[in-house]
Amino acid sequence: MKTTNILTISILLLGLLTFNSCSEDFLEVYPQDRITTVSFWQSENDVQLALNGIYSVLKHRGVYGSGPTFDAVTPYAYQWAHWNGMEKQIGNGTITAATSGGLLNERWTMCYRIINFSNDFFENIERVDLPEAKKSTYLGEVHFLRGLAFALLAESYGGVPIITTVMNTEEVTSVSRNTREETWAQAISDYDEAIQRLDPVSYELGRATKGAALGMKMRAYLYQNKYDEVLEVVDEIDALDMYALFPSYEGLFQLDNENNEEVLFDIQYIAGEQGQGNFFAWLALPGSVAAAGASDPAPTQHIIDEYEMIDGSEVDPNNPFEGRDPRLDFSILRPGATFEGMVYPTEVSNHTGQRVGFNLRKNVGEGIPLLSPRVSPLNFIVLRYADVLLAKAEALIETNQNLDQAIGIINRIRTERMDVTITSLPTDLSQEEAREALRHERVVEFFGEGILWADIKRWNIGQDLYPVEVRGADGGLIEVKFPTGYEEKDNLLPIPDNEISFNENLEQNPGW
C-alpha cells in the first residue's frame, strides 16, 4: 500500500484553493484579488498545499493524464472513442485549429496553469518564514514543474509566450510568442535551477529529485537533437549512481514494483474513491473485464510487426505469436493470450479490441481492482533509465563517435533483463544501420508509454510512415491515418483558435 499523500483529495482541493477559481481562458490568468494575497501564504503548510496544487495538474489529460492512450496519435494504436482527448483526430490528420476540447486545447491550458501557479508560488513564498534548505527544495520542485510545462509546450506547439511573472489579464492578452529555441531554453533554465536545488533522494515519493531534473533536461536536449549536450547530461545522471534497468520488463509496470531503481520520475496515483487514481487504466481495459473497460486505444498491426523473433528468424505466418520478443506479450493483449485467466478474444471480449484484433496490456494493471469512479492506483512512469540508455546510444550514433558502444547499449536493452533476452545486434553495423536499429528499439521498448509521437516529430519521419491503414482482425479497413500524406506542419499542433481570439499578437503555426 502506498503512503504518499501528494495527490490525496484533501490535499488536492486545498492546493487548488490557493489559486482562485476562474474560467479556462487564455494562459490561465488569475485575478489579482485572489485568495493568496489575503488569507494564504501564512505558514509552511500553505506552501506545501500550494506546491501540491501544482503537482496535481500533472494528472490532467492535457499533461500526463492520458498515460498510454497517448500512443493513439501514432501509427501504432487506434482510438475509436474520438471524444476521449481527440488523440484520434490528431493521429489521423483531421485536427484543426478550430477543434474544441481535447488535447489540442488542454495541453495549452494545463501547461499554462502549471506556469501561472508556479509564478504565483515564486512571488509569494518569501512571505513565509522557512528554513533556507526547505525553501530551496520547494523552489527547486517548482522550477522543475515549470520547466516541464515549457518543455511540453515547445514540443507540442513550438514557440509560445514565455511568462515568468504574475500578470493581469490586460498584460497577458497582449504578449507575443517567443521562438521555439527560446521556449526550450526557458525549460532548460528551469531544469538547471532545479538541479542546483534538489537532492538525489526526495523527502517524499513522487516529488522531483536531482535525477528527475537531469533526466528531463536530457530529454529536452534529445527532443532538439542536441546530442553533445545529451551525452553530457547522461554522464551527470550516471554519476549519481542511483539508476539501473529493473530486472523484469513485465514487472516494471506492476503495482508491487513501483518507484523502483529504473524510475527517474513518475506520476503517483493511489487507491481511493475521490479521483486519486488514474483513469487511463480503465480506459484501456478490455470491455468484459472488471468494470467493463473501453478498450481504448487498441494496438494496431503496425506495432505487432515491430516485435522480432527471439532467435532472429522470420515470423511464421501460421503461428505468428510463437517465439516473439517477450515485450509483445507484456505490452499487448493478442489472440490466444490470457488476461486474468481468460482467453482473448473469446472469453475476454471488447468491441474495439476485437475489431482491431488487439488490446493494450502495458499500464492497464492486470489483476488490480478498479475503484469507483473507475480509477486505478497504478503509477504512470514519465521517464525511466532505459530512456537514458537509449538517449545515450542515439547521441553516440548521431555524432558518429562510438558505434560499438552505442550498439552495446542497445544490446543491454535486448538482453539484460531476466524476462527479455533476444538476439544481440552485430557490432559491425554502419551508422545508418545503427540508427535504424536504435529507432526500432525505442518503438518496441516504449510502446504504451506515450512518448513515440515525440520521436516521430523530432526525427521528421511522419512523411515516411503515413498514410497508414488501420485494419481489423478480419482484414477489413477501419481507417486510413493521414490519407493524403503527412506534412511538415503536422510536426506541431496548431495554436487553438480560441486562444488566438483572446490575443491578436499570437501568430498561428505555419500551414494551419
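How many aromatic pairs does the count come to? The count comes to 17 aromatic pairs, where rings of Phe, Tyr and Trp (its six-membered ring) pair if their centres lie within 6.5 Å, with planes under 30 degrees apart called stacked, over 60 edge-to-face and the rest tilted.

A word on the model: it is predicted, so local features need pLDDT of at least 70 and side-chain atom pairs pLDDT 80 or more, while totals for chains, interfaces and linings use all residues. Residues are numbered from 1 along each chain as its sequence is written, and side-chain values use heavy atoms, with hydrogens and water left out.

Here are two of the pairs.

| Pair | Centre to centre | Angle between planes | Type |
|---|---|---|---|
| Tyr249 and Phe253 | 5.6 Å | 70° | edge-to-face |
| Phe321 and Phe358 | 6.4 Å | 80° | edge-to-face |

The pair of Phe321 and Phe358 links distant parts of the chain, 37 residues apart. Phe321 lies in the loop between α14 (301-304) and α15 (327-331), and Phe358 in the loop between α16 (351-356) and β7 (359-360); helices (H or I, at least four residues) and strands (E, at least two) are DSSP runs, numbered from the N terminus. Both Phe321 and Phe358 are buried, meaning under 20% relative accessible area (1.4 Å probe, protein chains only). Tyr249 and Phe253 are buried too. Elsewhere, ring pairs join Phe40, Trp41 and Phe121 into a cluster.

Charges meet rings as well. The charged end of Lys457 sits over the ring of Trp453, 3.5 Å from its centre, and Lys489 lies over the face of Trp512, 3.6 Å from the ring centre. The rule asks for NZ of Lys or CZ of Arg within 6 Å of the ring centre and within 35 degrees of the ring normal.

Notes: Buried means under 20% relative accessible area, exposed over 50%, partly exposed in between (1.4 Å probe, protein chains only).
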